[in-house]
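Please read it alongside the sequence and the coordinates.

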Amino acid sequence: MFGLTVIRDCVRVAPDTFDRELLEVLYEEIDKKYSNRVIEDVGLCISTCDITKIEEAKIYPSDGAAYHRVVFRMIVFRPFVGEILVGTIASSNEDGIMVSLGFFENVFIPSYNLPTPSEYDARAKLWVWRFDEESEGGGIFHVHEQIRLRVESLTYTKVTVSEKGREATQISTDLKLPEKVKSSETGPADKMTKTGGAAAALVRKRSTSVDLPASDETEEDPPVMQINGSVDDDGLGLVIWNWE
């Protein structure tokens with residue numbers, strides 16, 4: 001879930017901080033720039049772990065600040081495909097369930113990754129797993145309940161402006177299954193389809209869309225980083241179900 005990545009950057013140290021410890025100022029400036037920022041194909045930056053190299057300062061004309069080239073290690077949040085996460089249900093709609101991890105909100109469970117059979121209660125705005133078809137009840141995915149999910153895909157989106165308009169370039173990582181697993185209808189193969197199985201492999205996809213709305217419109221851009229999850233397997237779902 002969490003890891004370290006090495007970053008090289010040039011950090012500006014303002015003149016009014018020259019009387020302070022250089023290392024302390026560098027940590028502050030790095031965290032100010034990187035904390036809570038998503039770096040494409042790296043993850044969500046959490047905090048600076050340590051600074052491993054500091055070069056001599058350079059001062060440029062018309063600017064009294066000191067510029068240091070530094071190498072540092074950043075703690076990043078980047079779950080791998082297949083990892084199990086525990087979050088809290090934030091909201092639901094007919095497309096699926098939105099989950100919050102507390103420090104990261106862009107986690108989504110599509111309706112097709114919910115337990116089968118599940119249906120959406122439009123009046124209560126909740127998803128219900130009808131595990132007992134003879135009963136009117138079922139497993140209700142209440143808002144604010146803790147939920148255990150498996151990461152199915154991780155997508156990074158970068159929005160740019162070109163002659164064609166505003167473009168969103170997406171890079172996603174998910175599981176690719178062999179054709180014989182996809183086409184098989186036997187029980188074991190179906191299990192492999194859900195979990196990836198030993199024969200599954202990670203695949204990266206890149207796509208570009210040019211149909212984004214203008215920047216002054218109310219519709220929001222796609223999230224810079226999004227996790228798609230699944231709860232359609234043994235041991236997944238609401239934590240209170242207690243599969244033990």
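## A network of salt bridges

Glu24 and Arg20 form a salt bridge whose closest N and O atoms are 3.1 Å apart, where a salt bridge is a side-chain nitrogen of Lys or Arg within 4 Å of a carboxyl oxygen of Asp or Glu. Arg20 also forms a salt bridge with Glu28, and here the closest N and O atoms are 2.7 Å apart. Because these salt bridges share partners, Arg20, Glu24 and Glu28 are joined into one network. The members are partly exposed, with relative accessible areas of 31% for Arg20, 40% for Glu24 and 39% for Glu28; buried means under 20% relative accessible area, exposed over 50%, and partly exposed in between (1.4 Å probe, protein chains only).

## Basis of the values

This is a predicted model, in which local features need pLDDT of at least 70 and side-chain atom pairs count only at pLDDT 80 or more, while totals for chains, interfaces and linings use all residues. Residues are numbered from 1 along each chain as its sequence is written, and side-chain values use heavy atoms, with hydrogens and water left out.

## A link across the sequence

Eleven salt bridges are found in a search of the whole structure, and one of them joins the side chains of Asp63 and Arg12, at 3.3 Å from N to O. Asp63 lies in the loop between strand 3 and strand 4 whereas Arg12 belongs to strand 1, so the pair ties together parts that are 51 residues apart in sequence. Arg12 is partly exposed, with a relative accessible area of 38%.

## The sheet and its helix

Four strands make an open sheet in the order 1-4-3-2, with antiparallel pairing; strands (E, at least two residues) and helices (H or I, at least four) are DSSP runs numbered from the N terminus, and two strands pair if DSSP finds at least two bridges between them. Strand 1 (2–13) and strand 2 (38–39) are the edge strands, each pairing on one side only. Strand 2 and strand 3 run antiparallel and are joined by two bridges, and Gly43 in strand 3 is the bridge partner of Ile39.

Helix 1 (residues 22–34) packs on the sheet and touches strand 1, strand 2, strand 3 and strand 4 (66–77), contact meaning heavy atoms within 4.5 Å. The direction of helix 1 makes about 155° with that of strand 3, the axes being lines fitted to C-alpha atoms, for helices over the stretch in contact, with angles running from 0 to 180 degrees between N-to-C directions.
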